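This report goes through helix packing, a nonpolar core, a surface patch, aromatic pairs and salt bridges. The sequence and structure come next.

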Amino acid sequence: MYASAAQYNQPPRYPVTVICGGIDRASFGSDILSKIYAGLVALRGNTRCKVNGPTNVTETTVGWRWQTCSEMVIPIGIVNNTMFQPDPFIFKSFAKDCKKQFGVSPRPHWVTTYYGGHNIKLVLQKFGSNIIFSNGLRDPYSSGGVLKNISDSLVAIHAVNGSHCLDILGANQSDPGWLVEQRKKEIEIMKGWIAQYYIDLVALKGTPKFQSK
């Protein structure tokens with residue numbers, strides 16, 4: 001519950017605020033379990049049945065599992081000094097699960113080798129262009145994102161109250177003004193890239209072709 005709420009902590013409801021508000025009110029008792037239950041009720045309502053129902057497995061879910069097994073190994077685990085039950089990342093167990101589920105072995109260093117993630121700023125300056133790195137700072141993943149411009153065409157845009165992928169979701173009447181403006185800004189940047197492409201194309205067509213004797 002919390003992981004999903006934190007990643008998609010978006011307007012107008014802001015689920016983390018809802019959960020924390022329920023915990024703070026502690027209407028079901030003052031012990032830890034009662035507070036957690038109060039947060040759950042605040043988010044999902046006070047229904048009788050709390051048993052997890054069938055999971056709706058989508059192409060996105062399966063595709064992400066495949067990608068983390070085959071291309072993007074993300075060693076995220078839970079250590080002993082948090083409010084969550086410890087769940088450390090153990091690569092051997094992870095590799096075994098990938099092999100069992102998809103028949104592939106993880107490549108933990110493929111992404112950094114292929115894309116140069118150890119120093120992405122240096123690498124992208126060599127060959128990258130026309131990329132918008134968009135981050136909502138309420139998304140925990142933003143801590144590993146590109147938050148500063150690398151060049152004129154490698155642009156970082158971030159929103160203090162934004163969440164995971166919020167700007168690429170469909171527009172909604174309840175969208176706050178800052179989100180509307182962020183989308184407009186991103187569209188204007190892309191329009192500029194397209195316009196520059198056609199300017200360069202016209203200039204290229206007007207250049208005399210090399211003729212050998």
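The buried residues of helix α2 pack against α1 (2-7) and α3 (32-44). Helices here are DSSP runs of H or I with at least four residues, strands are runs of E with at least two, and both are numbered from the N terminus. Contact means heavy atoms within 4.5 Å. Helix α2 covers residues 15-25, and its buried residues are P15, V16, V18, I19, G21 and G22. A residue is called buried under 20% relative accessible area, exposed over 50% and partly exposed in between, with a 1.4 Å probe and protein chains only. Just after α2, A26 has a positive phi of about 45°.

The model is predicted: local features need pLDDT of at least 70, side-chain atom pairs count only at pLDDT 80 or more, and totals for chains, interfaces and linings use all residues. Residues are numbered from 1 along each chain as its sequence is written, and side-chain values use heavy atoms, with hydrogens and water left out.

In soluble globular proteins, nonpolar side chains tend to be buried together. The largest nonpolar core consists of six residues: L124, F133, V146, I150, L154 and A156. Such a core is a set of buried Ala, Val, Leu, Ile, Met, Phe, Trp, Tyr and Cys residues joined through side-chain atoms within 4.5 Å. Leaving aside residues up to four places away in sequence, A156 touches F133, V146, L147, K148 and N149.

M83 lies in the loop between α4 (59-70) and α5 (91-102). M83 counts as exposed because its relative accessibility is 68%.

The whole structure holds six aromatic pairs. Rings of Phe, Tyr and Trp (its six-membered ring) pair if their centres lie within 6.5 Å; planes under 30 degrees apart count as stacked, over 60 as edge-to-face and the rest as tilted. The ring centres of Y114 and Y115 are 4.9 Å apart and the planes stand at 80°, so this pair is edge-to-face. Y197 and Y198 have ring centres 5.1 Å apart and planes at 75°, so they too are edge-to-face. W110, Y114 and Y115 form one aromatic cluster. Y114 is exposed at 55% relative accessibility, while Y115 is partly exposed at 45%. Y197 is partly exposed, at 48%.

A search of the whole structure finds three salt bridges. A salt bridge is a side-chain nitrogen of Lys or Arg within 4 Å of a carboxyl oxygen of Asp or Glu.

| Salt bridge | N to O distance |
|---|---|
| R183 and D175 | 2.7 Å |
| K184 and E181 | 3.7 Å |
| K191 and E188 | 3.9 Å |

R183 and D175 are both buried. K184 is partly exposed, with a relative accessible area of 47%, and E181 is partly exposed, also with 47%. K184 and E181 are three residues apart in helix α8 (residues 177-205), so about one helical turn separates them. K191 and E188 are likewise three residues apart in helix α8, so they are separated by about one helical turn.
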